[in-house]
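Try each task yourself before reading its solution.

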Amino acid sequence: MLSVLNRKLLRDTFASLGTLASILLIIGIGIGAFVGLGTAQRNLVESQASYYRAYHFADVWVDLKKAPLSVTERIRSWPEIARLDARVVFDVILDVPDETRPLSARLISTPSVGYDRTLNGIHLVRGSGFSQRRDSEAIISEDFAKARGLDPGDRLHVILNRKRESFVIVGTAISPEYAYMVRGPGDIIPDPEHFGVLYVKERFARDVLGFKDACNQVVCQLTPSAAARPEDLLARLERVLEPFGVLEVVPRKRQASHRFLSDEIDGLGKTATVMPAVFLSVAALALNILMLRLAQRQRAVIGTLKAIGYSDRQVMWHYLSFGVVVGIAGALGGAALGLGMAYAMIETYKSFFSFPGFAFHVYPDLLIWGLVISVGFSILGTFRGVLAVLRLQPAAAMRQNPPERGGAILLERCRWFWRLFGFRTHMAFRSVFRNHFRTATSIFATAVSISIILMALVLFDSFISMIDYQFDAVAHSDLDVGMRDEESLAALFEAQALPGVELAEPLFGLRCDLAHGAASRRMAISGLVEGHRLTTPRRADGAVVDIPPHGLVFSRKLADLLGVDVGDAVRVTPVRGRRQMRRAPIVAITDTFIGLDCYADLRYLSTLVGESLVLNSVQLLVDEPQRAALYRRIKTLPNAQGLSVRAETKRNLERTLVETGRFSIGLMVLFAGAISFGSALNNALIEIGDRLREISTLRVLGYSPAEVAGILIRQNMIIFVLGVLLAGPMGYGLIQLVSQAYDTELFRMPIRIKPEVAGLTALLALLFVLSAQVLVYWQVRKLNWLEGVKVKE
Amino acid sequence: MDRGVQIRVERAARIFRMGDIEVPALVDADLDIRFGEFITILGPSGSGKSTLLNLIGGMDRPTSGHVWHLEEDLAALSDRELTRYRRAHVGFIFQFYNLIPTLTAYENVQAATELAERPLDPGEALELVGLAERCDHFPAQLSGGEQQRVSIARALAKRPTLLLADEPTGALDLPTARTVLALLQALNRERGLSILLITHNPAIASIADRVVRIVSGRVTESLENESPLAANEVTW
């Protein structure tokens, strides 16, 4: 049978449910974040691990110009190499029926039998897979097929080795190599409408592309010990393959898809720690206030219990169990919220990451931890209250409650300011400034809430600014066409002559090793022609940076990574030809927010590889009515291997951002708002309990519920204003912290807190606080004030 | 009738410290309570009555002097031992009843019986105070007199040897007060319970075996009452 004290506990809990609800809301969100983000993270990790295992995700990729299979066979026998596949990989332009725009694709060779058992094996989603009937069969990536409405049996055309080849689609598939479908660094969001992967039969690909007994990509799986410390092996691979034109050695941790997925998993883990910590701290503080008040209000009860003969320990446990009950209730609500959240997140992930089976497991240990954490914080929250209970001597508990501290507050010395307000504002001010702990906690809670909202909105805004900067301020071309091989200036004139081309500018991307001291990066230097207009590198303040005839222009992040600045010289070694190392000075710094940039004059760059003037892509301005004609011509260009359309890339980024941003930013604002809302409500309800007699007296005197509630609302407004003041520096710090976390080689945020964003933040936070006031008013209205005046101490 | 001494207060003093000021609430008080005695302590408000009661009840310790319960000096006991003493020997009745508002009458009594070693059944205790049929009511649903009777039932149910009542009728009207006092008198006479009752009302004092007067923290007189008044004859 439930002991009497436990029954009291349950009824007390039930009686203070209103006040508790605001705290439970905050605890619930904290635990919800812990359970939800944790569950989503674990499911991602598990799905990723089982996918990688089942389809043999590689540890190393080596991109080459062309290497004979005899060499790769030798490497296969190294003790560190567990498995090795030699593939042919080409970026190509795809011609899909009923689509004028040429699409980009990556063609990957794969054995016609056992393609699911190779490294980075493919998992067939639809279709029957390769048959014996014909050579020119292709399995295409599922997302691309879906976005394009392509089905098994459909045909598509590719320019391969200057010949137009036709493929029959025999299946759609996914692969761990493209779980996050991006081409490589520089791409940050999948664009399945315009980019797909094409798996074709190995032998056919070798024949058509001129790679008989040769490959241009080596993928390896390493033995576990080598995988743990791959640096030496990578260096050796590069040394051995050097004569065959190593373009890039990519260890798993730098592989684009893996990196995005891992970053997401890491990010989830961090958020799953930070967010609950913030919410539960606020909840514990709020609970502290509530429990202290409860202990003070139940003085007589505590005294009686002690007088009857209950020991300090029994009474203490009784009040501690209040915290336990709150903790359990918060954990239950939080678990439900969390699992719902995790489910929604996994659903969202499905549109970004393609896995063969997206698990949704519930992890009991996470739920148990959630319970432990919730109860732990709640017990922490009862601490001051329980301490007060313990300190209370039974005899003292029986005496009258000491009267509330009176007297003037400091603010009253400022006579002219004080006289601006009526007595109800005076009451509010006095109450705010006399309850130091309570006020400090409320201000803190409000500031935390506003800071989180500010952070969410500023990040969203910064992302949009980033897109505008990259795609409007820096890039101006309508269309970029990439070429397989370097071409002479003649290619530019050919491009100029294409239908609808208003302006064509050459671009030479030269992969180089850039080194300074011990730091180095392998990346493409973009060579721009003198008088270029279609790419204008800038500084964050908007100023255009000119590309001088000599030297290199680095983006800020690249300069930081190599530890250089204007005036320093770096070692430049082109990853082709004779690979002669030169020294080049840094002559200017630009700002870029996606990837890393390095610019040089086209002529200067050409001389680095001993050419006079070469290019490998053209940037075009297009006369809109002739776009279709231009597209048709590009589909026939023998040397074209890729196409990007600025407006589409930008639109894709914006659409994805808005779609996912709306959900996550909305949730974040809502959760953060719950803190202001809960804290304001908790405050006001405690205040109502404390000032029952005062409020009742005012009601007897003839004040309306609205006028009485006005005192409490004023109090919350004073706290809100102070909270806004604190939120300034706090939010700024938080944004700095988060933007540093986002400051990676892949992308960065141009952080600027615009006045309108700050204003919107304050407005939103105010709305949350005001909505709490509606409940306060309702509470005052239904208050039985006739009983209130009769209340005895 | 020669009865043994249950409680002996010996030169007990209690000084409260309020900031820099020392307020002596009780000065060198001496008092013996014998088994089965009904004593009233009479004095104006602020005279130190409640302080004396708290010392005897083990709710507080004297600043100096002793409070003996049989062979045990309450002044020397730890908090834990005082709790054990209260639990085993003392029943309290308060002016404002001090019932736990979220528990029913029955449960309020149960709150005490759960602690005792061989308590009365809570229903039996409520029957003794004539409230058997109201046991499911919450304090807010009971009249003042009824609440005080629940509080007496609660004190009684532990089978204490000493009942301490602090102005038990202070918040009650005369007829209700009479029933409460009659109940206490009956408990004393029929069950041999020692009772120490605090009041500022001389009329109530007349029902006791002995009347102790306190003025300004000092015990000024202790008078045996040869013919105690029956509780239903009390009037004011």
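**Exercise 1. Into which domains is chain A divided, and how many residues of domain 1 and of domain 2 take part in their contact?**

Step 1. Chain A splits into domain 1 (55-257), domain 2 (435-475 + 647-793) and domain 3 (501-622); the bounds come from an automatic or database domain assignment.

Step 2. Seven residues from domain 1 of chain A and eight residues from domain 2 of chain A make the contact, where contact means heavy atoms within 4.5 Å.

Step 3. Between the C-alpha centres of domain 1 and domain 2 of chain A the distance is 50 Å.

A word on what you are viewing: this is a predicted model, in which local features need pLDDT of at least 70 and side-chain atom pairs count only at pLDDT 80 or more, while totals for chains, interfaces and linings use all residues. Residues are numbered from 1 along each chain as its sequence is written, chains are lettered from A and ligands numbered from 1 in the order in which they are written, and side-chain values use heavy atoms, with hydrogens and water left out.

**Exercise 2. Describe chain A as a whole: what does its secondary structure come to, and what percentage of its residues count as buried?**

Step 1. Chain A has 25 helices and 20 strands; these are DSSP runs, numbered from the N terminus, with helices being H or I of at least four residues and strands being E of at least two.

Step 2. The C-alpha trace of chain A spans about 100 × 65 × 50 Å along its principal axes.

Step 3. Of the 793 residues in chain A, 55% count as buried. Buried means under 20% relative accessible area, exposed over 50%, and partly exposed in between (1.4 Å probe, protein chains only).

Step 4. The accessible surface of chain A is about 33,700 Å², and 59% of this belongs to carbon and sulfur atoms. Such areas come from the Shrake-Rupley method with a 1.4 Å probe, and for residues only the protein chains shown count as cover.

Step 5. Take the contacts in chain A between residues at least 6 apart in sequence: 82% of them join residues at least 24 apart.

**Exercise 3. Is A:N120 buried or exposed, and which residues does A:N120 touch?**

Step 1. Find A:N120 in the loop between strand 4 (103-110) and strand 5 (123-127) of chain A.

Step 2. A:N120 counts as buried because its relative accessible area is 2%.

Step 3. Not counting residues up to four places away in sequence, A:N120 touches several residues, including A:Y55, A:H56, A:F57, A:W61 and A:R87.

**Exercise 4. Where is A:H258, and which residues are in contact with A:H258?**

Step 1. A:H258 sits in helix 8 (residues 256-297) of chain A.

Step 2. With a relative accessible area of 12%, A:H258 is buried.

Step 3. Leaving aside neighbours within four places in sequence, A:H258 is in contact with A:Q48, A:Y52, A:F57, A:R252 and A:K253.

**Exercise 5. Where does A:S606 lie, and is A:S606 buried or exposed?**

Step 1. A:S606 belongs to helix 19 (residues 602-608) of chain A.

Step 2. The relative accessible area of A:S606 is 0%, so A:S606 is buried.

Step 3. Beyond neighbours within four places in sequence, A:S606 has contacts with A:F508, A:E611, A:S612, A:L613 and A:V614.

**Exercise 6. Inspect helix 6 of chain B: how many residues does helix 6 have, and which are buried?**

Step 1. Helix 6 (residues 174-191) of chain B has 18 residues and reaches 25 Å from its first C-alpha to its last, close to the 26 Å expected at 1.5 Å a residue. The expected span is 1.5 Å times one less than the number of residues.

Step 2. The buried residues of helix 6 in chain B are B:L174, B:A177, B:V180, B:L181, B:L183, B:L184, B:Q185, B:L187 and B:N188.

Step 3. An α-helix has 3.6 residues a turn, so residues three or four places apart point the same way.

Step 4. Just after helix 6 of chain B, B:G192 takes a positive phi of about 70°.

**Exercise 7. What is the phi of B:D28 and of B:S216, and where are these residues found?**

Step 1. Most residues other than glycine have a negative phi.

Step 2. B:D28, in strand 2 (residues 21-34) of chain B, has a positive phi near 40°. At a relative accessible area of 36%, B:D28 is partly exposed.

Step 3. B:S216 has a positive phi near 50° and is found in the loop between strand 9 (210-215) and strand 10 (218-224) of chain B. B:S216 counts as exposed because its relative accessibility is 57%.
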